Amino acid sequence: MFALKRKTKGEAIFDIVNNLVMLCVCFLTLYPIWYVLVNAFNDGNDAMLGGIYWWPRMITLKNFEAVFASPGIMLAMGITVAKTVIGVAVHVFFTAMVAYALSRRDLVGGKIYILIGTITLFFNGGLIPTFLLNRDLHLLDNFLVYIIPVMFSFFDLIIFMTFFREIPDGLDEAARIDGANDWSILLRIVLPVSMPVIATIALFHGVYQWNDYFAGIIYVNNVDLQPIQTYLFRVVAQSSSNTMMTAVQGSAATRTVTSQSIKLATMVVTTLPIVFVYPFLQRYFVKGMMIGSIKG
């Protein structure tokens, strides 16, 4: 039998203080989300009276009905889903392809390419040159403005490259003996065993694509191409007005829906989808997928 080591009084106090600090951090992180959720499900005029902190006082779905009744939100949601899915797929593949080439130690000029890419992490052209470049590429009011300018990230390339260099050289050598070329090695060997880093980069870029509203404001004037976050930005910008554009049974909407309640409901609608995606990708954030893939 092993005797359990008893904690000293100082260690016990430290543990208590540490737990209290963690609880405070968790509360400060989660409560704003809970507050938005509670008020989004509460009657708009009743919420204006204040005093709602923990639970809706007058539960209603009118706020969400008003949000989904807006003619532009479903189209904006579709644009956001499309640019997130397509953007993540293109970004992950293109960045992984370049990272695989730079991870090869026999690449001629590899160090020079890495040096040039590192400089771009600290210096960029700025907003006006970027706008002019996108204009010359005919990307203004074009869906591809969400995809092409961010299809590559040198920061993500470094993460990919670091992971690729940890792959045993024996996998590459065995594949080449069997007649595989670089494309075959990348698509059939490197990418399949790199799911943890692929999931990580996909999550990072997916969150960026989903939350990005700036591109829709600067580069897109066509309301049919604006994403949901740009829609939310416009809702927030118009929240000072007393009436909002809704199609929810006229007078009933007027009595129960306010600009503030619609703003909060829109925040919930635009945030929850990306929150629900995270648990499905979390299982890939593990190490050890390479164990057993090669011997010797």
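Which way does helix 4 pass helix 10, in a left-handed or a right-handed crossing? Helix 4 passes helix 10 in a right-handed crossing, meaning that the near helix is turned clockwise from the far one by less than a right angle.

First, some ground rules. This is a predicted model, where local features need pLDDT of at least 70 and side-chain atom pairs count only at pLDDT 80 or more, while totals for chains, interfaces and linings use all residues. Residues are numbered from 1 along each chain as its sequence is written, and side-chain values use heavy atoms, with hydrogens and water left out.

The protein chain has 14 helices and zero strands; helices here are DSSP runs (H or I, at least four residues), strands are E runs of at least two, and numbering starts at the N terminus. Of the 296 residues, 35% are buried (under 20% relative accessible area with a 1.4 Å probe, protein chains only; exposed is over 50%, partly exposed in between).

Back to that helix pair. Helix 4 and helix 10 pack at about 145°, and their axes are 9 Å apart. Those axes are lines fitted to C-alpha atoms over the stretch in contact, with angles running from 0 to 180 degrees between N-to-C directions. On the helix 4 side, the contact (heavy atoms within 4.5 Å) includes Met-77, His-91 and Val-92, and on the helix 10 side Ile-198, Ile-201 and Trp-210 are among the partners.

Now for the inside. The largest nonpolar core holds 23 residues, and Val-92, Phe-160, Phe-164 and Val-190 touch the most other members. Such a core is a set of buried Ala, Val, Leu, Ile, Met, Phe, Trp, Tyr and Cys residues joined through side-chain atoms within 4.5 Å. Helix 4 gives the most to this core, with six residues. A second, separate core of 17 residues includes Ile-73, Tyr-231, Ala-265 and Val-268.

| Residue | In contact with |
|---|---|
| Phe-160 | Val-92, Thr-95, Ala-96, Ala-99, Val-197, Ile-198, Ile-201 |
| Gln-226 | Ala-76, Ile-79, Tyr-146, Gly-216, Val-220, Asn-221, Arg-234 |

Gln-226 sits in the loop between helix 11 (214-218) and helix 12 (228-237). With 7% relative accessibility, Gln-226 counts as buried.

Finally, in helix 3 (residues 62-69), Asn-63, Phe-64, Ala-66 and Val-67 are buried. Seen down the axis, the buried residues of helix 3 fall within an arc of 155°, so they line one face of the helix; the arc is that of the directions from the helix axis to the C-beta atoms.

Terms used. Lists of a residue's contacts leave out its neighbours within four places in sequence.
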